[in-house]
Amino acid sequence: MTEVRPAGQRTPRLSGFAIILIATAAAGIASYAVTIFVPNRIGLAGYAVFAVFWSFIYLIVGTLGGIQQEVTRATLRRAGEATIHASRARTFGIVAGLIVLTTIVGTAPVWVNTTFPENGWALVWPLAVGASSYVMVAVLAGSLYGVAAWVPLALMISVDAILRLVALAVALAFTTDVVALAWSVTIPFPVALVVLWPFIRHTIAGRSQLDVGYRALTWNVARTITAAAATAVMVSGFPLLLGLTSHSEPKATVGMYILTITLTRAPLIVVALSLQSYLIVHFRDNTHDFWRQLLGALGAVIAGGAALGLAGWFLGPPVYRFLFPNQLQPDAPFITILVGSSALVAALCITAPAVLARAQHFVYTSGWVAAAVVTIAALMLPIDFASRTLYALVGGPVVGLLVHASYLAAARLRESRVTTS
């Protein structure tokens, strides 16, 4: 993929793909450290409560990721002075952030007692502050993607995660209170913006503009947010859904499931999700080589999933026992199925940008929504806890892939007929 850089921006020695991948790896390591550190410090029962908050805020963050995707698509590179167009994204972000804040606080009386039965409103405030702050993170990240500013993007991805790890480590040194830990999770969103803005301002200020006005931007964001919400339900929001549909299960059991799901699915899913905006641009700008790139990416995911599944079968249980020696233990088949489900979600994270790059917003959204609906429905089945959890993890992405694959197969067939006619 040919990368066009704004005027004044240095040519990076690494490709944009490599830079984002390295930053994602750094963020992933920091998140893994959190996942290992927190349950060992507060126990699986306490971790179940913390994980519900973590899942809830990242369900919202994942939903708001639709803003980043649309801003990425709408951002035009500009080499001249700043214009009124350059501030549209910022103004939209401020207004959207205020709407998110008031929506969370305003609707909290409906869901707070069910979602946070132990802590109630004490967890609503960090949730609202963190989610509303993330809106500007999404806007800025989308703008940076739009102008191919890979190094500043890498800083945003890695610094945010590292700040969160440091904040949680400091908090856990003094307390195991879930509310204090919740604030440690959310504060890095606004802090990362404040810390990094002086270093990345010259990259974006006056160098980009949106190709749509506020009305069109709002409509487009509404559509991308719908798909992003469905994505978040299947990934970051899954522990929240598992907790909400498993009140009758022992807290330690739910905590073990959430912990194992988080650890085993992260390697493939986190990488695939972090590359969504990059893949949209890549598939869009490489139409001549679209099918080879798509099949190659899917092949890499399948190979990676097979290798990780094999490792999960043989190494998963002993590694888990080493990391969490005094906790409930998952078995090898369970870990392997979880890894397989992560490969399915990662594949969906490739077919989705491929479909969106071809301007098929309806198919793109339909695939994610169908997957989310099946996931939720499976979790509500009147069967045992283990079976409905596994059905939800596997069934959702399979249905989503069928929706996207049906369109892509039909598109490929149409192109083949045009070529041979």
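Here are some exercises with worked solutions on a predicted model.

**Exercise 1. Helix 1 and its neighbours**

Work out how helix 1 is placed against helix 3 and against helix 4.

*Solution.* 
Step 1: Know what to look for. Two packed helices are described by the angle between their axes and by how far apart those axes are.

Step 2: Take helix 3. Its axis is 7 Å from that of helix 1 (residues 16-74), and the two pack at an angle of about 40 degrees. That makes helix 1 oblique to helix 3. The crossing of this pair is right-handed.

Step 3: Now try helix 4. Here the axes of helix 1 and helix 4 come within 8 Å, with a crossing angle of roughly 25 degrees. Angles under 35 degrees count as roughly parallel, and helix 1 and helix 4 are therefore described that way. Their crossing is left-handed.

**Exercise 2. Sorting out the salt bridges**

How many salt bridges does the structure hold, and where do the partners sit?

*Solution.* 
Step 1: Start with the count: there are three salt bridges.

Step 2: Pick Asp-160 and Arg-164, whose closest N and O atoms are 2.8 Å apart. Both belong to helix 4 (residues 150-174), and they are four residues apart, about one turn of the helix.

Step 3: Move on to Asp-289 and Arg-292, which meet at 2.6 Å, N to O. With 18% relative accessibility, Asp-289 counts as buried. Arg-292, at 56%, counts as exposed.

Step 4: Finish with Glu-415 and Arg-358, where the N to O distance is 2.5 Å. Glu-415 is in helix 14 (residues 385-420), while Arg-358 is in the loop between helix 12 (332-357) and helix 13 (361-379), so this pair ties together parts that are 57 residues apart in sequence. Glu-415 is partly exposed at 29% relative accessible area, and Arg-358 is partly exposed at 24%.

**Exercise 3. A nonpolar patch on the surface**

Which residues form the nonpolar patch, and which helices give two or more of them?

*Solution.* 
Step 1: List the members: Trp-121, Trp-125, Trp-183, Ile-187, Val-191 and Val-195. Together they have about 500 Å² of accessible area.

Step 2: Helix 3 (121-146) and helix 6 (188-204) are the elements that give two or more residues to the patch.

Step 3: Zoom in on Trp-183, which lies in helix 5 (residues 178-186). Its relative accessibility is 31%, so Trp-183 counts as partly exposed.

**Exercise 4. A helix on the inside**

Why is helix 10 described as largely enclosed by the rest of the structure?

*Solution.* 
Step 1: Locate helix 10 at residues 276-285, which makes 10 residues.

Step 2: Pick out its buried residues: Gln-276, Ser-277, Tyr-278, Leu-279, Ile-280, Val-281, His-282 and Phe-283.

Step 3: Draw the conclusion. Eight of the 10 residues are buried, so helix 10 is largely enclosed by the rest of the structure.

How values were computed. Residues numbered from 1 in each chain as written. Predicted model: local features only at pLDDT ≥ 70, side-chain atom pairs only at ≥ 80, totals over all residues. Heavy atoms only, no water. Patch = residues over 30% accessible without salt bridge, like charges linked within 9 Å, V, L, I, M, F, W, Y side chains within 5 Å. Areas by Shrake-Rupley, 256 points an atom, 1.4 Å probe, with all protein chains shown as cover. Salt bridge = Lys/Arg side-chain N within 4 Å of Asp/Glu carboxyl O. Buried < 20%, exposed > 50% of the residue type's maximum accessible area, 1.4 Å probe, protein only. Axes fitted to C-alpha atoms, helices over the stretch in contact; angles between N-to-C directions. Parallel < 35°, antiparallel > 145°, perpendicular 65-115°, else oblique. Left-handed = near helix turned anticlockwise from the far one by under 90°.
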